[in-house]
Structures are given as structure tokens and as C-alpha cells.
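Here's a walk through this model, from the loops to the ligand. Keep the viewer open and follow along.

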Amino acid sequence: MILTAPNTLLIAAFRRLEARLRPPRSVVSRSKARDNAGHVVLLGAGPGSADLITLRGLAALQAADVIYHDRLADPALLSHARPGALCIPVGKAPGHHSVPQDQINARLIASARLGHAVVRLKCGDPGIFGRGAEEAEALTRAGVGWSIIPGVTAACAAAAAAQSFLTERGQTERVVFATGHRRAGEVTDWRAAAAPGTTLACYMGVSTAAGLQAGLLEAGWPAACLVEVVSKAQTPDQRILRGRLVGLAQLCQSEPRLNPAILLIRWPATLDQSKATPIRAAAEVA
Ligand code: SAH
């Protein structure tokens, strides 16, 4: 059963439904529910496309009694849930109230304590900008066991979509995963990451691209660094915009509705710094 609107009414309805679920029968349930406190799998769905989940992840999904899923996980994945499994959306959706993190934590704990095989399906990899650590900490505090099944993170999926490489021997030898999402008053000091041979993969950076561009330039990143903005990677709506760091903000404004997107900013060891013109426009839009 797939529920579609994340709000507190739904959670209440779900609570009643879950209480009626028959006892867990899956392998995951049997092996993990031994310690009556239950078990939650933090499962990486991969980004964009349902076929980017791992085989181990698919098996956990098929075995789940209850699946709490993010908005950015491909909904097609839920077709792998067993008949009768509950699929509960808990991600942020424009125009809807999102379920607060402490409520998500509480639901995970309550479901696990019922002895159900619980999957927390997260977009990409659960360990990267997904608040997985907060959920794990709450589960640990409640005495509920948890494990992680990794997923393809959006930066890898974006690079693959753009037919580019996060590292390249002799050119880029380190990758920095960063978030463009800042709480009020927070500023990132980009100096620590400012070195030739770096690829910066910035999540949630479209709306803060102007600040990111300014911060990177101020920290010493050359204006000519190569930029790829990969929007909706691995989906039918995928778009790839290419330019230089000096034109990053402009690039992010050049097209509507780019989110979700990854900004890949490369400072190769042998960067040609004379190439610091802003956007190399339409011809490079894939
Ligand atoms: N845990 C996820 C990241 C969650 S944060 C992971 O490992 O990928 C959400 C951000 O991920 C989005 O704002 C966007 O920056 C990125 N993202 C998720 N799906 C994406 C996709 N299909 N294409 C491009 N970026 C994506």
C-alpha cells in the first residue's frame, strides 16, 4: 500500500494500518527482529533512476514490511515492495508540509518495535547529506538496531551522466562533497578545499550558486575552473550545462527548474587559466 501525501493525518492513518499488519515474515525481519527492539535498514536508493539501486538494496526493499521514503527516491522503486507492505512518504515536497525529523525518528522506532522489517529509503547514499546520522543516533538511543546499505550518490550519477570523471589521474586527485545549503548566518570557508587537483561536488547549490562562486573565487579557486551543472541526473529530464567558475551563478540562472542538481567544479592540475570567459552557452547544453 502506497500512501502519497506526507502529513500528520497520514501518519495517524498509517499508525492504525501498521498495527493491523500481519506479523513480519521476511528474512530481514526474522534475522533482525531477534532482539525484540527491531531493526531499521537505512537504504540508499540511488539518484534519479530506479535501476541504480544495488542488488542488496533491492532485496531489503522486497523484504520490507514498512518503507519510509524520501521524495527524491524514484517512486518506481516502490513497485518492488511486497504486496501489503506500507510505503510512507516522509520527504519534503513543494506545497506540502514535510514530516519533521523528530517525527520520522519516532516512526522508525515505533515500527521497529512492532517487530516489522523497516526500511528507510533515502535518495542517493544514506550517508551523504541525508540526515542519516541523526536517524541512526535516535535509533541507537532507543535501543533499536540499524544498518546501512550504501547507494550511488548523486555526485557519481551526475558525473556519469555528463560523461565526466570525478578524479582523473594527474589532473584531479581528490573529491570534496559539499553542500550549498546553509543555515542563516553560516558561511563556508572554501580555503581548505582550495588546491589544484580538486573536484568539488556541490549538492543543493543551485539557489546559492552566487555565494558559492564568490566564496570559491575569494578562497583562490581560479575563475577558469570547469563547471558542470547536472540537473535531474539519470532521469528523462536530465540537463547538463557547462561553463567556467566565473559564470557559475549566471549558468544556474540560465534555465528554469534545475533542482535537484549537482554542481561539479573542477580545478585540474593543468588548468588553462586563460579560459575564464563566462558561460559557453547553448552549444554546451546537453
Ligand atoms: N543522499 C543524497 C543527497 C541528498 S541531498 C545522495 O547521496 O545523493 C539532495 C540533493 O542531492 C539535491 O538537492 C541535489 O543536489 C542532489 N540530487 C539528488 N538527486 C539528484 C539527481 N537525480 N540529479 C542531480 N542531483 C541530485
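In which loop does Gln163 lie? This is a predicted model, and in it Gln163 sits in the loop between α6 (154-161) and β6 (174-179). Buried or exposed, then, for Gln163? With a relative accessible area of 72%, Gln163 is exposed, because the cut-off for that label is over 50%. Its backbone is worth a look too: Gln163 isn't a glycine, yet its phi is positive, about 50°.

For background, most residues other than glycine have a negative phi, and most peptide bonds are trans.

| Spot | Backbone value |
|---|---|
| Arg131 | phi near 60° |
| Gln163 | phi about 50° |
| Gly220 | phi near 105° |
| Asn259 to Pro260 | omega near -5° |

Arg131 is another residue other than glycine with a positive phi. You'll find Arg131 in the loop between β4 (117-122) and α5 (132-141). Arg131 has a relative accessible area of 45% and so counts as partly exposed. Gly220, for its part, follows α7. As for the peptide bond from Asn259 to Pro260, that one is cis, and Pro260 belongs to the loop between α8 and β10.

Now step back to the whole chain. The protein has 286 residues, and buried ones make up 50% of them. Its secondary structure comes to 8 helices and 10 strands. Take the contacts with a separation of 6 or more: 73% of them are between residues 24 or more positions apart.

Which residues are buried in α7, residues 209-218? They are Ala209, Leu212, Gln213, Gly215 and Leu216. An α-helix has 3.6 residues a turn, so residues three or four places apart point the same way. The cover over the buried residues of α7 includes β7 (198-203), α8 (248-253) and β10 (261-267).

Why does Gln213 count as buried? Its relative accessibility is 13%, and the label applies to anything under 20%. Leaving out residues up to four places away in sequence, Gln213 touches Leu245, Val246, Gly247, Leu248 and Ala249.

How many residues surround the ligand? There are 18, and the closest are Ile128, Thr153, Ala154, Ala233 and Ala261. Sorted by class, this shell holds 13 nonpolar, 3 polar and 2 charged residues. Both domains take part: domain 1 (9-149) and domain 2 (154-285) each supply at least three residues to the shell.

Several backbone atoms come up against polar atoms of the ligand. A backbone N or O atom of Ile128 lies 2.6 Å from a ligand nitrogen atom. On the oxygen side, a polar backbone atom of Ala261 is 2.7 Å from an oxygen atom of the ligand, and a backbone N or O atom of Asp125 lies 2.8 Å from a ligand oxygen atom. Taken alone, the ligand exposes 540 Å², and the protein buries 92% of that.

Notes
Residues are numbered from 1 along each chain as its sequence is written. This is a predicted model: local features need pLDDT of at least 70, side-chain atom pairs count only at pLDDT 80 or more; totals for chains, interfaces and linings use all residues. Side-chain values use heavy atoms; hydrogens and water are left out. A residue is near a molecule or strand if one of its heavy atoms lies within 4 Å of it. A polar contact is a pair of N or O atoms within 3.5 Å; within protein, one must be able to donate a hydrogen and the other to accept it, and residues adjacent in sequence count only if both atoms are side-chain atoms. Accessible areas come from the Shrake-Rupley method with a 1.4 Å probe; for residues, only the protein chains shown count as cover. Ala, Val, Leu, Ile, Met, Phe, Trp, Tyr, Cys and Pro count as nonpolar, Asp, Glu, Lys and Arg as charged, and the others, Gly among them, as polar. Domain bounds come from an automatic or database domain assignment. Buried means under 20% relative accessible area, exposed over 50%, partly exposed in between (1.4 Å probe, protein chains only). Helices (H or I, at least four residues) and strands (E, at least two) are DSSP runs, numbered from the N terminus. Contact means heavy atoms within 4.5 Å.
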